[in-house]
Amino acid sequence: MSTAVTSLTEKPTACIALADGTIFYGKGFGATGTTVAELCFNTAMTGYQEIMTDPSYAGQVVTFTFPHIGNTGVTPEDDETANPVAAGMVVKWDPTLSSNWRAVGELGPWLEKRGRIGMGGLDTRRLTRAIRQQGAPHVAMAHHPDGEFDIEDLIAKAREFAGLEGMDLAKEVTCSQSYQWDEMRWAWPDGFTKRATPGHKVVAIDFGAKRNILRCLASAGCDVTVLPATATAEEVLAHNPAGVFLSNGPGDPAATGEYAVPMIKEVLAADLPVFGICLGHQMLALALGAKTVKMNHGHHGANHPVKENETGKVEITSMNHGFAVDAQTLPEGVIETHVSLFDGSNCGIRIADRPVFSVQHHPEASPGPQDSFYLFERFVEAIEAKSA
């Protein structure tokens with residue numbers, strides 16, 4: 001068993017055990033206890049609160065490669081869902097105190113109140129290398145203020161974790177009942193405002209939808225009705241939508257597809273404009289006959305270059321996915337529209353002769369330049385063309 005120990009001047013209060021027996025010690029913050037999950041890393045320099053509350057991170061502990069975490073504090077405005085969904089967070093240094101005019105609290109107490117473990121003071125570079133070399137490992141992370149850890153038990157827990165392949169997590173993070181959404185994107189100086197005029201009726205299927213995606217739909221001109229992941233095609237079409245949106249979400253798309261793909265196929269048969277993001281992209285690909293694959297360590301960050309094949313334009317995007325559409329399995333008539341410039345993996349598709357398209361990246365996340373917002377406008381244009 002290899003051991004990585006940080007140069008602490010006090011007894012470690014947190015520990016993370018990888019399934020291969022590697023141990024990292026550090027200083028705990030947030031909630032106490034133990035959590036078992038898949039470990040990934042995220043390269044974003046901002047947005048730690050959005051990351052922790054992104055439903056797509058269910059079942060994962062996130063290692064932040066950027067060391068300054070906590071410096072903008074926390075605010076309810078930045079939650080992508082009501083509570084943190086990621087299983088825990090690992091950072092280089094202890095969270096810094098907030099220095100931002102929007103902050104209403106500090107990261108540590110925010111995590112503690114919401115039952116999520118944080119751990120700092122360890123070598124995140126080495127941990128990130130382990131993830132890249134081994135693939136996303138299964139881990140058990142513990143925070144005990146007394147510094148007492150049962151290492152063998154933690155390793156055993158990590159090895160017993162089933163992993164995300166074959167796991168349907170959308171049912172765990174989806175809404176329990178339908179609801180309307182009319183809040184638009186944040187804008188200075190008014191913050192979040194409501195849609196004041198009628199828009200195009202859109203049904204959004206919630207596989208783990210981020211709030212900012214719904215805001216972008218509303219800002220683009222949509223009256224949004226959100227339905228649970230398990231909604232049937234009959235329930236979707238009963239709302240008489242002008243378009244259907246397939247949201248992001250966690251877990252194995254093939255597992256969620258057991259019930260979602262039949263619904264999507266019937267929606268496609270109704271000849272409606274369809275737009276998907278992340279898991280919604282993967283679900284659409286499955287419904288069209290393609291396959292998805294588990295990636296080695298996935299794509300998680302806010303600096304991922306994606307090329308739109310038809311224009312040659314390169315967009316800097318946010319990514320968060322551990323599965324990908326296998327472009328080699330796309331059927332005839334389905335065009336690959338976007339590719340990752342990091343590894344060439346698929347990042348977008350569309351049906352050749354219909355207003356049906358999806359992307360792997362997150363156009364709503366706007367990492368700096370708002371490169372990909374045009375996709376929401378493209379969806380609305382497709383709705384308007386269909387209704388004309």
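Buried means under 20% relative accessible area, exposed over 50%, and partly exposed in between (1.4 Å probe, protein chains only). This is a predicted model: local features need pLDDT of at least 70, side-chain atom pairs count only at pLDDT 80 or more, and totals for chains, interfaces and linings use all residues. Residues are numbered from 1 along each chain as its sequence is written, and side-chain values use heavy atoms, with hydrogens and water left out.

**Exercise 1. Strand E18**

Task: find which residues of strand E18 (residues 356-359) are buried on each side, then find its pairing with E13 and E17.

Solution.
- Step 1. Strands (E, at least two residues) and helices (H or I, at least four) are DSSP runs, numbered from the N terminus.
- Step 2. In a regular strand the side chains alternate between the two faces of the sheet.
- Step 3. In E18, Val356 and Ser358 are buried on one side, and Phe357 and Val359 are buried on the other. Both faces are covered.
- Step 4. Two strands pair if DSSP finds at least two bridges between them. Strand E13 (residues 274-277) pairs with E18 in the parallel sense over four bridges. Valine 274 is opposite valine 356.
- Step 5. Strand E17 (residues 346-351) runs antiparallel to E18, with three bridges. Glycine 348 has valine 359 as its bridge partner. A hairpin of four residues links E17 to E18.

**Exercise 2. Strand E10**

Task: state how many residues of strand E10 (residues 200-206) are buried, and trace its links to E11 and E12.

Solution.
- Step 1. Five of the seven residues of E10 are buried, so the strand is mostly covered.
- Step 2. E10 and strand E11 (residues 222-228) run parallel, joined by seven bridges. Alanine 204 has valine 226 of E11 as its bridge partner.
- Step 3. E10, helix H6 (residues 211-219) and E11 form a right-handed β-α-β unit. Right-handed means that, with the strands pointing away from the viewer, the path from the first strand over the helix to the second runs clockwise.
- Step 4. E10 also runs parallel to strand E12 (residues 243-246), through four bridges. There, valine 203 has valine 244 as its partner.

**Exercise 3. Cysteines**

Task: count the disulfides, then check cysteine 40 and cysteine 347.

Solution.
- Step 1. A disulfide is a pair of cysteine sulfur atoms within 2.5 Å. The count is zero.
- Step 2. For cysteine 40, the nearest cysteine sulfur is that of cysteine 278, 12 Å away. For cysteine 347, the nearest is also that of cysteine 278, 11 Å away.
- Step 3. Cysteine 40 is buried, at 1% relative accessible area. Cysteine 347 is buried too, at 0%.

**Exercise 4. The largest cavity**

Task: give the volume of the largest cavity and describe its lining.

Solution.
- Step 1. On a 1 Å grid over the protein atoms alone, a cavity is a set of points where a 1.4 Å probe fits but cannot get out; lining residues have an atom within 4 Å of a point. Points are joined across faces, edges and corners, and a volume is the space filled by probe spheres set on them.
- Step 2. There are two cavities of 30 Å³ or more. The largest holds about 140 Å³.
- Step 3. Its lining has 17 residues; Ser56, Gly251, His321, Gly322 and Phe323 lie nearest the centre.
- Step 4. Strand E15 (314-325) gives the most to this lining, with four residues.

Definitions and conventions
1 Å grid on protein atoms, 1.4 Å probe; cavity = no way out; pocket = protein on both sides within 12 Å on 5 of 7 lines; lining within 4 Å.
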